Amino acid sequence: AADRWDNYSSVSSDPINDLLQACTLVRHQSGKNVNRIAMEEWTFNKIQGHPNTLARVQLTGGAGSILTPAILAGILRVEESSILITSQSYNSAVMSATIARKSFLGSDVVVAYCEDGGLYDFGLGHEFAFSGYGSEPAVVVKYRDEKRGVLGSNIIRVGSIVDFKVTNASAAYLFVGA
């Protein structure tokens, strides 16, 4: 845990340097510049408050400056639109239980080059979808089951007809538990 980005007292913890190294690695492995850095808002907050980050930003932006996505993009030599800071979450509790919010990314950070698609692209991965059921990549089936429960039940089932595949793992770097 010495290199975790919330371990402010460790000399091994340096989020900006780690991100720079990951961007350089992806650039060298894929031959393309990073165009997607995704992290949870909580993770970005820890990077903002890190002493090494504060020192670096104050050198470039002046006293009292804080890290913004624009400043981070400049440091990492990527477009500002490449940095995605998300606060999306879902309820991981079973039905009727106390709400248990979990974020989709958690403390992981993805640094990647992505492309829209094509036969010879260099992007990280793609979404493969079968659209035989219409324009949405999911199917919802609703039906009544009179033998379920005392008075019968309405059954709703959702099926996904989407498959996400990593097609070029060298186009990304994943920080697990940053």
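The model is predicted. Colouring by accessibility places R148 in the partly exposed class, at a relative accessible area of 45%. D145 is likewise listed as partly exposed, at 22%; because buried means under 20%, D145 does not fall in the buried class.

Next, select R144 and E146. Here the closest N and O atoms of the salt bridge are 2.9 Å apart. R144 is partly exposed, its relative accessible area being 42%, whereas E146 is exposed, at 53%. The threshold for exposed is over 50%, so E146 with its 53% lies in that class.

Now move to R4 and D6, whose side chains meet in a salt bridge at 3.2 Å, N to O. Both ends are partly exposed: R4 has 30% relative accessibility, and D6 has 35%. The count of salt bridges in the model comes to 3.

Finally, turn to the largest pocket, which holds about 230 Å³ of space. Select its lining: N35, R36, C114, E115, D116, L124, G125, H126, E127, F164, K165 and V166. To see the secondary structure involved, display β6 (125-129) and β9 (162-166), each of which supplies at least two lining residues. Colouring this selection by residue class shows 4 nonpolar, 3 polar and 5 charged residues.

Methods. Residues numbered from 1 in each chain as written. Predicted model: local features only at pLDDT ≥ 70, side-chain atom pairs only at ≥ 80, totals over all residues. Heavy atoms only, no water. 1 Å grid on protein atoms, 1.4 Å probe; cavity = no way out; pocket = protein on both sides within 12 Å on 5 of 7 lines; lining within 4 Å. Points joined across faces, edges and corners; volume = space filled by probe spheres on them. Helix = DSSP H or I, 4+ residues; strand = E, 2+ residues; numbered from the N terminus. Nonpolar A, V, L, I, M, F, W, Y, C, P; charged D, E, K, R; others polar. Salt bridge = Lys/Arg side-chain N within 4 Å of Asp/Glu carboxyl O. Buried < 20%, exposed > 50% of the residue type's maximum accessible area, 1.4 Å probe, protein only.
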